[in-house]
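Thanks for coming. Please bring up the model.

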Amino acid sequence: MCGIVGYIGKRQAYPVLIGGLHRLEYRGYDSAGVALLSDTDQLNVYKAKGKVSELEAVASEKDCSGTMGIAHTRWATHGGPSTKNAHPHVSESGNLTLVHNGIIENYAVLREQLQKRGMHFQSETDTEVLVQLIEYVQTSLGLSLEAAVQAALQRVIGAYAIVVLDRRTPNRLVAARKSSPMVVGIGEDGKEFFVASDASPIAEYTKQMVYLKDEEIVVCERDKELRVYTLTGENVPVEVKKVELDLTMLDKGGFPHFMLKEIFDQPSVLQDCMRGRVLPEHGRVILSAVTDHRERLIKARRFIIVSCGTSWHAGLIGKQLIEHFCKIPVEVEYASEFRYRDPVIYPDDVVMAISQSGETADTLAAIELARKAGAFVFGVVNAVGSSIARNTDTGTYIHVGPEIGVASTKAFTGQVCVLTMLALTLGEAKGTIDKKEYQAVFDELQLIPQKIERILEQNDRIAVLSKIFTYAHNFLYLGRGWNYPVALEGALKLKEISYIHAEGYPAAEMKHGPIALIDQEMPVVFIATHHQLHEKIISNMQEVKSRNGRIIAIITEGDEVVKQMVSEYIEVPDTLACLAPLLSVIPLQLLAYHVAVQKGLNVDQPRNLAKSVTVE
Ligand code: G6P
């Protein structure tokens, strides 16, 4: 996810900004940039694709003087990773420069309007539209920087945290936010200011922080008091908070591991994933890929999902969603098997590649095969501009931000969220989805982030529970229907990071083999939310219980029947059956995480595993 740092005061800005960008590296990024107003009032902008160290190399021979500047680490959303697309972006006249986190949903319309008025664009980003818009408003209405920011933001739909610098007013920085965090640090003498997307890059300089609220603008002016306004121009009292941060934990955003951070990211990143797609004001889901390729997708004879690892598990849920809502048959293939199996592929098939990294070699090869056979290729990818994203006919990004922990967590829920939105959109276009059911899923999907929050509140309890099970050498995970792929994913999480052998199975298949393994040593995780086949799952639990197996049950809140039966359970909020995986997977991610932590293992980089498997 993108990161912002800004500084205005008496110090040299460059070391503060570069140090801050290093502190933000934990968020993951693909390019970086800095803009400085030099001691001779020259605006110097340096950018680089890749790491902050590469930016430092670019800037090393250049003029890095100045006591005011802004800097950014970018994670591509609109336009691939490149120097051209990196921030800061500069306005047409060269007067304004801006950094931005978030997504401007109406950027295409704004861009067209500005182009008609003669403005030129250098990048493919939504951010450049913002800086041009602010300049346009400022010039045409003769406004101050802060008034222009205020007026321009009223025309913007979407999420943003921005910092703007105008080289003609070297005494101030203006920042604003909506749905994307932003904090201002007040330096020692109260006359220097640090602006950032979170407290980590500025905590070493000050503990006095002002957290901006949605739709607030802040003016940081040299030697003056901080001023905060609303978007409509009303003054807001400045509320200063004392923030003490453990600097050693800052690189992971305050969490001990990236994996835990990413598990806790899920409520907010799923909102990002739905932003501009699940539209409450229209009562509909709109995916541009489906709008643009409606006929081709509606007429699909079959979907073939190709993927690996966790993405393959998301594919199994995608199969159920697409078959249920769109009445299109779906096959789910391991990409590594598919590519070598001489599969039958028809030109009217849609081959869907699901991949977090967008670089998995087997999935890329499966796409090649599908292309040769003339199928239409649809990507569900996280990394913007990655090889898979570039090699598909169309697709939908999951937009959950960079995932750094090797064991995938937020990418899984992001993939399931996109597959749900796709099934709703396509089902509606085909007329195969019942209107009431569409409405129910549409409403409930928007509640999922807050329901995940409720599960995360049980983190400490799950940590305690995990202590009981670190002894185990084997685990069994059982689920049915929508929760069967969740059983597979729960088992994968545990084996990846705790090195405990774990198997996921459809619960009813237990009697055809795994039941022979059950004794008092064997923990069995049942994903037993109160949906289809609940009673049958309860019978399976009885079978495990009577063989002294140790059950951990994932149940719907208030399921007294199961609570009476088992000693260990984790409750998740009630939801619709088709959305159950988005909730029931969360305690399994936490359980795997805490078991691995208890065992003292390297959670983020487990042995023998890689985040991006670019070899077959
Ligand atoms: C590796 C990762 C897994 C991931 C799989 C597929 O094995 O460790 O977390 O699920 O690759 O990767 P992809 O990037 O294609 O989703």
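I start with a pairing: strands β9 (residues 183–186) and β11 (residues 208–211) run antiparallel to each other over three bridges. Two strands count as paired if DSSP finds at least two bridges between them, and the strands themselves are DSSP runs (E, at least two residues), numbered from the N terminus, as are the helices (H or I, at least four). Across that pairing, Val184 stands opposite Val210 in β11.

A word on the source: this is a predicted model, where local features need pLDDT of at least 70 and side-chain atom pairs count only at pLDDT 80 or more, while totals for chains, interfaces and linings use all residues. Residues are numbered from 1 along each chain as its sequence is written, and side-chain values use heavy atoms, with hydrogens and water left out.

β9 also pairs with β10 (residues 193–196), antiparallel, over four bridges. There, Gly185 has Phe194 as its bridge partner. β9 and β10 make a hairpin with six residues between them, and Gly190 in the turn has a positive phi of about 75°.

Is β9 buried or exposed on its two faces? Both are covered: Val183 and Gly185 on one side, Val184 and Ile186 on the other, are all buried. Buried means under 20% relative accessible area, exposed over 50%, and partly exposed in between, with a 1.4 Å probe and protein chains only.

Now the pocket. Domain 1 (3–245) and domain 2 (249–446) both contribute residues to the lining of the second largest pocket, so this pocket lies between them. The domain bounds come from an automatic or database domain assignment.
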